[in-house]
Amino acid sequence: MCGTLRAADAGQPVVVMGWVNRRRVHGSLIFLDFRDRSGICQVVLDKEVTPEGHAKGEAVRPEYVVAALGKVRLRAADAINRKMETGEIEIEATELRVLNDSRLAPFSPAEDAIENEETRLKYRYLDLRREEMQRKFRLRHEITRAIRESMSEQGFLEVETPLLCMSTPEGARDFLVPSRVHPGQFYALPQSPQLFKQILMISGIDRYFQIARCFRDEDQRADRQLEFTQVDLEMSFPRQEHVFAVVEKFLVAAFAAAGIALPTPFPRITYDESLRRFGSDKPDMRLPEMTDVRAAFPDEALATLQIDPELPVVAFRIAAVGSLSREEREDNHPMFDKHKGAKFIDDFKRLAKGFSGAAAKVRELVGASDKDLVVIVAGDPTHHVKASDTKFEGRLSEREINVYAAAGNFRSKLARKYAERHKWFEVTESCVEEADPKSGMVIDGSKAFQPMWIADFPMFEYDLATKRWVPAHHPFTAPHEHDMANLESDPPSVRANYYDLAMNGLELGSGSIRIYRKDVQQVIFKALGISDEEAHERFGFFLDALEYGAPPHGGIALGLDRIVMLVSGAANLREVITFPKTANAIDLMAHAPATVPEQQLKELHIQAANG
């Protein structure tokens with residue numbers, strides 16, 4: 001292959017095939033850079049050695065598919081290209097064959113960056129030829145292989161589950177598939193293999209995993225796609241720490257495949273603690289934590305500043321940003337969510353005029369220097385109080401969560417806006433020990449990649465539309481044993497035996513210990529307002545299975561696409577999926593979705609409505 005030849009191969013006869021990456025003509029010599037998946041090598045066509053090959057070389061253009069027969073030779077010392085892995089050698093061709101020509105491409109795969117993403121997606125086959133994209137998919141392969149090997153070593157069996165199944169609630173809309181042989185009935189593409197993997201536990205396959213394809217009909221975001229791949233696993237007789245240990249082991253192996261050393265064990269915090277410290281349930285630990293600064297303000301100061309004394313008063317710092325001008329501050333204001341009962345203070349000069357002691361104390365509490373930007377976020381006393389704002393002992397109320405979440409969201413947006421000044425989001429010498437010049441991957445991820453387990457999520461959340469408590473997660477998540485008595489009387493006080501894994505502000509995966517007893521599952525359904533008849537219709541096969549000796553079990557699913565996106569430094573999931581959809585859920589290359597012939601719809605007993 002083109003990229004595998006080295007100085008040790010000098011004198012060897014070879015045949016190389018690939019695409020013409022670049023073509024250069026120097027008198028009687030034509031230099032062609034051949035490119036394939038392994039890399040690039042230089043082929044020399046000398047008019048005196050191969051007149052016919054030279055003539056063909058004059059006709060070829062970039063992206064022609066070609067083959068060359070010749071001999072490997074060392075380049076002259078002054079012609080060595082240190083930027084190419086094959087830069088010490090070239091191939092003196094004796095024959096050139098054009099296997100296929102190419103139209104003039106809308107962009108060159110030899111380019112390092114292509115600005116127009118729509119063009120890239122429309123001509124994805126050209127985009128995937130670029131070295132950057134080839135590197136990402138080699139990396140994806142290595143990560144997937146490392147995960148499979150680690151899971152096998154830990155005693156898990158890889159088992160496939162159906163792609164055509166029954167529609168069950170998973171938190172998003174299903175993609176439905178009409179049945180031709182059962183008119184008016186539909187299959188659903190799985191949002192996850194949730195019920196099937198639980199049934200595998202009942203089947204005695206006590207350690208299951210799958211690199212699973214899943215589908216969710218939801219709005220697109222940078223970290224979402226309609227179809228995606230997840231590392232799915234389930235195990236019998238576990239506690240949370242058993243699941244954590246399995247995941248940490250295969251993630252260490254996956255990141256090691258990219259040259260990254262993850263620190264273990266991963267830190268663990270509760271959902272409430274994560275909100276208090278980071279303002280998010282997917283914390284970015286590369287940034288300084290938020291700090292409770294309520295003690296810096298006397299009651300009269302809170303009244304003057306119109307800050308709710310019953311709600312949190314927190315502050316955070318953004319390093320190396322310094323004081324902002326009025327214009328800069330006003331430019332930042334739209335980033336703050338003003339609809340969650342929170343308000344902010346970022347003008348410390350003005351604050352210091354009226355409350356110099358408070359301003360100084362806040363900067364001291366957050367550990368800010370004169371070069372740091374400090375922002376205070378507090379509760380808005382005019383915010384409407386709903387019935388669901390009840391405060392439960394030891395738990396955060398909805399209004400408290402709103403303040404923390406608003407602060408965390410603002411903290412993250414400001415940090416990213418001023419990333420150039422503090423370098424937290426970059427892989428630089430300040431956050432890594434060493435970088436591999438070949439791959440650009442991190443050798444030490446102890447600072448560049450910060451994983452965190454978050455546990456003890458609320459079991460329920462209040463739905464304003466239906467005015468009832470609904471599951472915060474799928475309805476098969478087990479409640480904390482100590483909270484079982486509150487299922488019907490105090491739903492918001494119930495904690496779920498549920499956990500997330502976050503890294504660098506991105507949720508990598510979610511899981512839980514499951515309900516394994518039918519009577520408990522029925523109690524959960526009842527608490528969610530699901531009648532016995534509805535439960536039987538939608539989950540009857542699963543409820544039946546629970547009656548045949550279901551073992552305690554639990555598991556997790558991690559987004560493989562997200563793992564690869566994070567490790568490769570890609571800006572979004574589209575960069576690490578071969579043929580992704582756009583933000584409007586369109587495949588620009590294959591022109592999907594599309595209409596189908598009327599006859600095909602008739603066979604499926606479907607009539608399409610216009611518009």
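Modeller: This is a predicted model. Let us begin with the buried residues of helix H5, which are Gln 194, Leu 195, Lys 197, Gln 198, Leu 200, Met 201 and Ile 202.

Biologist: How many of the nine residues of H5 are buried?

Modeller: Buried here requires under 20% relative accessible area. Helix H5 spans residues 194-202 and is mostly covered. The count of buried residues in H5 is seven.

Biologist: Which helix is included in what covers the buried residues of H5?

Modeller: The cover includes strand E9 (207-215), strand E10 (227-236) and strand E21 (553-559). Just after H5, Gly 204 takes a positive phi of about 95 degrees. The helix included in the cover of H5 is H15 (532-546).

Biologist: Why is one side of strand E12 and of strand E14 left without a neighbour in the sheet?

Modeller: The sheet is open, with four strands in the order E12-E13-E15-E14 and antiparallel pairing. E12 (291-292) and E14 (342-345) stand at its edges, so one side of each lacks a neighbour because each has a single partner strand.

Biologist: What angle does the direction of helix H12 make with that of E13?

Modeller: Helix H12 (residues 398-417) packs on the sheet and touches E13, E14 and strand E15 (373-379). Its direction and that of E13 make an angle of about 10 degrees.

Biologist: Which residue takes a positive phi in the hairpin of E17 and E18?

Modeller: E17 (residues 460-463) and E18 (residues 468-471) pair in the antiparallel sense over four bridges, and Phe 460 has Pro 471 as its bridge partner. Four residues lie between the strands. The residue with a positive phi, near 55 degrees, is Lys 467.

Methods: Residues are numbered from 1 along each chain as its sequence is written. This is a predicted model: local features need pLDDT of at least 70, side-chain atom pairs count only at pLDDT 80 or more; totals for chains, interfaces and linings use all residues. Side-chain values use heavy atoms; hydrogens and water are left out. Two strands pair if DSSP finds at least two bridges between them. Helices (H or I, at least four residues) and strands (E, at least two) are DSSP runs, numbered from the N terminus. Contact means heavy atoms within 4.5 Å. Axes are lines fitted to C-alpha atoms, for helices over the stretch in contact, and angles run from 0 to 180 degrees between N-to-C directions. Buried means under 20% relative accessible area, exposed over 50%, partly exposed in between (1.4 Å probe, protein chains only).
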